[in-house]
Amino acid sequence: MDQPLEGKDYNFPKQEESTLKFWEETDAFQEQLRRSEGKDPYIFFDGPPFATGLPHYGHLLAGTIKDIVTRYATGTGHHCPRRFGWDCHGLPVEYEIDKKLGITHKEQVLEMGIDKYNEECRAIVMRYSKEWERTVWRMGRWIDFQNDYKTLNPSFMESVWWVFQQLFNKGLVYKGFKVMPYSTGCTTVLSNFEAGLNYKEVSDPAVYVAFPLDDDPDSAQLVIWTTTPWTLPSNLAICVHPDLTYVKMRDPVKGQVYIVAEARMEAIPGAVPKQKKGKKGSEPAQKGFEVIGKMKGKELAGRSYKPLFPFFANRKAKGSFKVCVDTYVTADSGTGIVHQAPAFGEDDYRVSLANGIFSQVDPSHGLPIPVDNDGRLTEEITDFAGLYVKEADKEIVAKIKAMGRLVDNGSLMHTYPFCWRSETPLIYRAVPSWFVKVETLKERLLANNAQTSWVPSYVKEKRFHNWLENAHDWAVSRSRFWGTPLPVWTSEDGDEVVVIGSQAELQELSGIQVTDLHRHHIDNITIPSRQGEGVLRRIDDVFDCWFESGSMPYASVHYPFENPEGFAQRFPADFVAEGLDQTRGWFYTLMVLSTALFDKPAFKNLVCNGLVLASDGKKMSKRLKNYPDPLEVVNEYGADALRMYLINSPVVRAESLRFRKEGVFAVVKDLFLPWYNAYRFLVQNVLRMEAESGRPFEPSKIDQTKVANVLDQWIMAATRSLIVFVREEMGAYRLYTVVPRLVKFIDDLTNIYVRYNRRRLKGRSGDEDCLMGLTCLYNVLVTVCQVMAPFTPFFVESMYQNLRKCSPSAPESVHFTSIPEPPPLEAGDDRIQESVGRMQRIIELCRVIRETKRKPLKTPLQALVVVHPDQSFLDDISGNLREYVTEELNVQSLETCSDPLRYSSMSPVPDFGAIAARLGNQKSQVAQLAKAIRAMTPEQLMQYEAAGSITLGPHHFPAGEIKVRREFRVPEGRSADDMAGETDGEVLAVLDLRVGQEQLELGLAREVVNRVQKLRKHSGLVATDVVQVFVGTADLASSCSEASTSGQQHAMPASSSSASNGPISSSAPSSLDRVLQARASYIEESLQVCVFPLHVRSPHAVVRGSEVEVINNGDEQHSLQVVLTSPGVIFLDSALQKVFSNDIQRQAAQAWVASRELEGLSQETRASQGSLHLHLDGQRFVLQADRDFILPDGALEFVKLAQ
């Protein structure tokens, strides 16, 4: 394996770009498909986005979910082709062209020519397709762009025709006149689910208007309330509830008599007496209106009234301007009386038609629609003609006021639907349209929905179920230009209708062959009448683009015109995924069309994500620039980090996510860097082991069934459990449980297994144990790569490419490997995982104690007591896990206690929620049970914990109704200053906080080890770099210049005197000196190298790093100097002075030895039984190893060297 970079130097985005190149060079996606050919098919339908805009976080989120699920399907033995699709028709495209060309009216398009307009649309539909492809690919999503589908392709459009013809032949299509949501900005009707896509909080006028009844003895006036004054010129009737009570009341000041619902009297200013507060208290209540009569709504039925405006007054003779009754009227708001403008309200239309206010068959009494396609009042409304409806409100209200018919005028803040494309307010307007009979399919829709599995399930069971239950017939036609034309040809009178289902059928009936089905290619094609009535011409409408996207399962494969036999294998889909808004969009249209065509759902499994919002909780807006550009985030932190940030959030539970760039950085810091460092630690120590042993690392040859180390057993058990969990939860598409578990596993791997095993994995416990540990870590990392491959495809590929060098037979890419099958869990797996989990909680509790009591981890403590009633756990803690706990917590001893009352007090807490759930709303009984619980003794609480239930007198308490609160209690004879405890409710950890001289010395030795390790890191050394370590007490003033060269390679001249080699104080040995001698074996064992006193360092040594640091230990402060040098000979000056008669000879001998090549010098010394012979000035000298000098592979006790 290759040596990895340091974590600080590892650039995740750049490495991802290298991985992208690798995938491109190996054609990885297509190769994966080739390798899975012939396996069980896994069918995925991809909803088509528009390419007229750039992808945003919502697209990236949905795309990531789709990529995860389809990668997982491939990794679990399926063949999963996935094709990208494009929505090319409809309002988004036309709206862009209208803006570009300045088109505001339909007539402008006709003047320009539909052919030119449509070709303008065609030119921009794939405007950002390359940007989409680059972004999707950069996010790591594997999907086929070369074999994509487009809704503008003739093959796609032909299948849409076939779908419509099938519905028509089944009697599920009709032409009707219906009040529908209408976009004045796009001059087209919208479906009900489109109308629900874009609600905004707005302020609208709220006016009360009087309508005098004809021939009323009291001159009474009906009072209506409306927030759409622009509809008042179209008023043709008034509606009341038949069973509500209405009052006739007189205003004592103005003398006016009004009729409103009794429950809504307060809506009329002054009608209901109200207490006024004055400076000296409450003033007498004002006298309200006088009630002079009461009646039921049905008593008002048929009464006529005076029209508000004269525009349609002539219709009064044919039955307009009368009171109707209907139960849709409520007394929840307004006055309980509703004005009827039948062209602009669904209920208005229905009630007015039923009461003969207008006629569908009598042209002279037809429905007036005095608002044009652009939302402007027509010439019929002479006083306000040409005004846009919302602009007309003020002038209409002013006119009503001038007429004396305005009772009150105010405003109302409420939510109002806006066009999702043009951002203009929607109106409801009667329009002719072609409809699919959804209401007749309702029962089958609900039944088919029940066959599907949704994540989260509540979206299916509540939101989508309710939408289906209240579904209306679907208006599928649009009076637009750029779209799939409705294949409907009719006679001039509309009596003869032919619906075409294919290009061949059109050619057969018309004699004209077409290759493009857009309007400008087929609008002029006529079909001879079969009834001899001339020719049939195509209607002008095109399909709602939602009808096209709902037809995607059939049209994307050109069904039934190509490969009809294979269709059964790919329908319904195994999986679809989109955002929550598609419950009323794509999910709905898929379900409607599949039910109408085949009486089955279009998909088996669905994952629904929530919305990604800006950090302030508002909708992301390009105009407001309230979110960072997605590619900027990817280029800064990497696609994997963005993927994990999105899918490890509430958004995969169909909740909202407030996007924060800092959250993506946190994923890098908290997940990827620790994960990378664990991998790097493995590689470093494998390379070290290979260098030391001279043998290659071959993990496949190591029998892992014989592991003896408890943490090896634990991580292998945890890995087995992880695989079982991921398999089970991914099988149910619950990403929101899988991703947190994966993150937790990696956290445990890095912070428990690697952290607690560092010494062992560095070879401190022997070569065989080290090899077993490294093999275990290697296998776990490879398994994690395979399991995480669908989630973080870049990072695992990068690691895998290096790891697989130890397994030459491994597939070329991690994405060609299989996700491991669920292994059988072994005996003891649960226990070891539970014990290690408790161990970790103990460690975390002790960290809290140390932090609270200001006892840093570097300070050794005498003892830890673990309190828990489970003796098997205590056995584990005091047995195999003991060394990990004591080392991690820096405590000298560990004790266990199974008596929870020895160190803690116990108190019961009633769980009122659990009790109330069992008893219902019986408050008195709940209170009695709570009283009985609070009276429980500690013995009863322990009995309850052991048995899981308890009976107290007449009351029985099952598990979960009583919580046991434990609080640490200082034992007798001890104080809170020298003992502290912390509990998580199950385990109690107690620390002895007393610090003696022994603990101070151990803490100081630990600090020395820590400083040496830090200097190695700061000097850029890796595990395989061999250096000699020199430590000692330093004089800061004389050592600062040397320390400043830390990390540089240089020769440091020094004489034999201690002062010139990092001087040691001439005074008596300091406590640091004593610790260096007394704890030398601990220091050397921890560092796995010989440690030498500063004064024995050779003046010819090449320094790799040097540092002087101040260490605070208890009340003392120490100056520690650490020097790291390349391996060399160490001379013992005191011994050399006995060999040589003067310093010149001694220094010459040192220079000669230092100039020798180390390996040759060692061989010569060993061949001479540890002696080294040299000649100086004609004299022969003999130097003895370990007496006069030390070779790099030699050793002498630190204590002896220091003396």
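Biologist: At what angle do the axes of helix H13 and helix H19 cross?

Modeller: This is a predicted model. In it, the axes of H13 (residues 457–469) and H19 (residues 586–598) cross at roughly 55° and come within 12 Å. That angle makes H13 oblique to H19.

Biologist: And which residues make the contact?

Modeller: H13 contributes Phe464, Trp467 and Leu468, while H19 contributes Phe587, Tyr588 and Met591. By class, six of the contact residues are nonpolar, with no polar and no charged ones. As for handedness, H13 passes H19 in a right-handed crossing.

Biologist: Moving on to H20 and H21, how far apart are their axes?

Modeller: The axes of H20 (residues 630–637) and H21 (residues 639–647) are 7 Å apart, and the two helices pack at an angle of about 115°. H20 and H21 are therefore roughly perpendicular to each other.

Biologist: What about H3 and H21, at what angle do the axes cross?

Modeller: The axes of H3 (residues 57–75) and H21 cross at roughly 90° and come within 10 Å. H3 is thus roughly perpendicular to H21.

Biologist: How many charged residues are in that contact?

Modeller: The contact of H3 with H21 has two charged residues, along with eight nonpolar and one polar.

Biologist: A change of topic: which residues of H4 are buried?

Modeller: In H4 (residues 91–101), the buried residues are Leu91, Pro92, Val93, Glu94, Glu96, Ile97 and Asp98. These buried residues pack against helix H6 (114–124) and strand S6 (188–189).

Biologist: What follows H4?

Modeller: Gly102 follows H4, and its phi is positive, near 70°.

Biologist: Now Lys248. Is it buried or exposed?

Modeller: Lys248 is buried, because its relative accessible area of 10% falls under the 20% cut-off. Its place is in strand S10 (residues 245–250).

Biologist: Which side chain does Lys248 join through a polar contact?

Modeller: The side chains of Lys248 and Asp216 are joined by a polar contact of 3.3 Å. Leaving aside neighbours within four places in sequence, the residues in contact with Lys248 also include Asp218, Tyr258, Glu290 and Met295.

Biologist: Last one, Asp516. Where does it lie?

Modeller: Asp516 lies in the loop between helix H14 (503–510) and helix H15 (519–522). With a relative accessible area of 14%, Asp516 is buried.

Biologist: And which side chains make polar contacts with it?

Modeller: The side chain of Asp516 makes a polar contact of 2.8 Å with that of Arg122, and another of 2.7 Å with the side chain of His518. Neighbours within four places in sequence aside, Asp516 is in contact with Arg122, His521 and Ile522.

Biologist: How far is Asp516 from Ile357 in space?

Modeller: The C-alpha atoms of Asp516 and Ile357 are 46 Å apart, and the two residues are 159 residues apart in sequence.

Conventions. Residues numbered from 1 in each chain as written. Predicted model: local features only at pLDDT ≥ 70, side-chain atom pairs only at ≥ 80, totals over all residues. Heavy atoms only, no water. Axes fitted to C-alpha atoms, helices over the stretch in contact; angles between N-to-C directions. Helix = DSSP H or I, 4+ residues; strand = E, 2+ residues; numbered from the N terminus. Parallel < 35°, antiparallel > 145°, perpendicular 65-115°, else oblique. Left-handed = near helix turned anticlockwise from the far one by under 90°. Contact = heavy atoms within 4.5 Å. Nonpolar A, V, L, I, M, F, W, Y, C, P; charged D, E, K, R; others polar. Buried < 20%, exposed > 50% of the residue type's maximum accessible area, 1.4 Å probe, protein only. Polar contact = N/O pair within 3.5 Å; in protein donor to acceptor, adjacent residues only side chain to side chain.
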